[in-house]
Amino acid sequence: MNCRRCGSSLRKPGDYCLACDTANCESVVIEFGADRATLTMLGFEPEHPPDDFDPASLVLGETTVTTVPDDGERTAKVQLRNFAGRVADEVRRKRPETVYAAGEREPLREARAQLHYEFYRVPDEDPVGAVLARRGEPALEVVDAPAEAKIGGSHSTLIGERTGMKAILAAAEHPHVKKVIPGPIDAGGSGSRTGLRAKVTRADEHGNVRLLLRDGSSVQENRVVTTAGDRETGERVRDDLNEVLQESGFAEGGGR
């Protein structure tokens, strides 16, 4: 592939051109498997696409990163970190505006932690098709700050104490979360289930959401300020946050 601006030869599809300082890849779609990750690079859509424009023409090419799964208690963590790191290195070669990912959760989560790009999860079934179908949707600002620094407000007590804090931090780690503001605890409910559960509610007109923590009969509503500017994009963040809570074992029905 050649650079879209200066025509210089690129080593891999979608690579950033160092000769003329130009991005050739608008987004990267990663499909994670247990032993490999397939990265699909998508180019920039024309400013004025013709009526018969085919979104599939945006696909620049694919790159595959392979690994050998390891089930050792210590070595498995090293293997996972190295696998995700190699995927992250491939993404950095492109300097994309957005990264989309699907598939196996552990390497996906580790790769997201190593990257500082706008990062979305997409359906496992045909992830590239899902991304092409949502092209043109507004990009969201990424908040590059530690999760602990995003927690504020006048209420410092959390349901479930340390477990509740883990759930709050799991949400605060999301790159499109600006701030999590814990609310008062309502202990007047009639719930009988034990174990902390968490759920993110429907976004409001400003794109912000509420993170509900439940533990037995106690309920705490925590305000989550996101970088979304409207309800539609806020719903995208809400879906991703609920997925994060499920992965972390806090989602209602998942229990921790």
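Predicted model: local features only at pLDDT ≥ 70, side-chain atom pairs only at ≥ 80, totals over all residues.

Mentor: A disulfide needs two cysteine sulfur atoms within 2.5 Å. For Cys-6, the closest cysteine sulfur belongs to Cys-20, at 3.6 Å, so that pair is too far for a bond. Cys-20 is in no disulfide either. The nearest cysteine sulfur to Cys-20 is that of Cys-3, 3.5 Å away. Accessibility is the next point. Cys-6 is partly exposed, at a relative accessible area of 38%. Cys-20 is buried, at 16%.

Now to Thr-226. Thr-226 sits in strand 10, which covers residues 218–226. Thr-226 is buried because its relative accessible area is 3%, and buried means under 20%. The Thr-226 side chain reaches the backbone oxygen of Gly-207 at 2.7 Å. A polar atom of that side chain also lies 3.1 Å from the backbone nitrogen of Ala-228. Leaving out residues up to four places away in sequence, Thr-226 touches His-176, Val-177, Lys-178, Gly-207, Asn-208, Val-209 and Val-237.

Last, Gly-152. Gly-152 lies in the loop between helix 3 (127–133) and helix 4 (162–172). Gly-152 is buried, with a relative accessible area of 14%. Its contacts, again without residues up to four places away in sequence, are Lys-179, Val-180, Ile-181 and Pro-182. From Gly-152 to Glu-173 is 21 residues in sequence and 14 Å in space, C-alpha to C-alpha.

Terms used. Residues numbered from 1 in each chain as written. Heavy atoms only, no water. Helix = DSSP H or I, 4+ residues; strand = E, 2+ residues; numbered from the N terminus. Buried < 20%, exposed > 50% of the residue type's maximum accessible area, 1.4 Å probe, protein only. Polar contact = N/O pair within 3.5 Å; in protein donor to acceptor, adjacent residues only side chain to side chain. Contact = heavy atoms within 4.5 Å.
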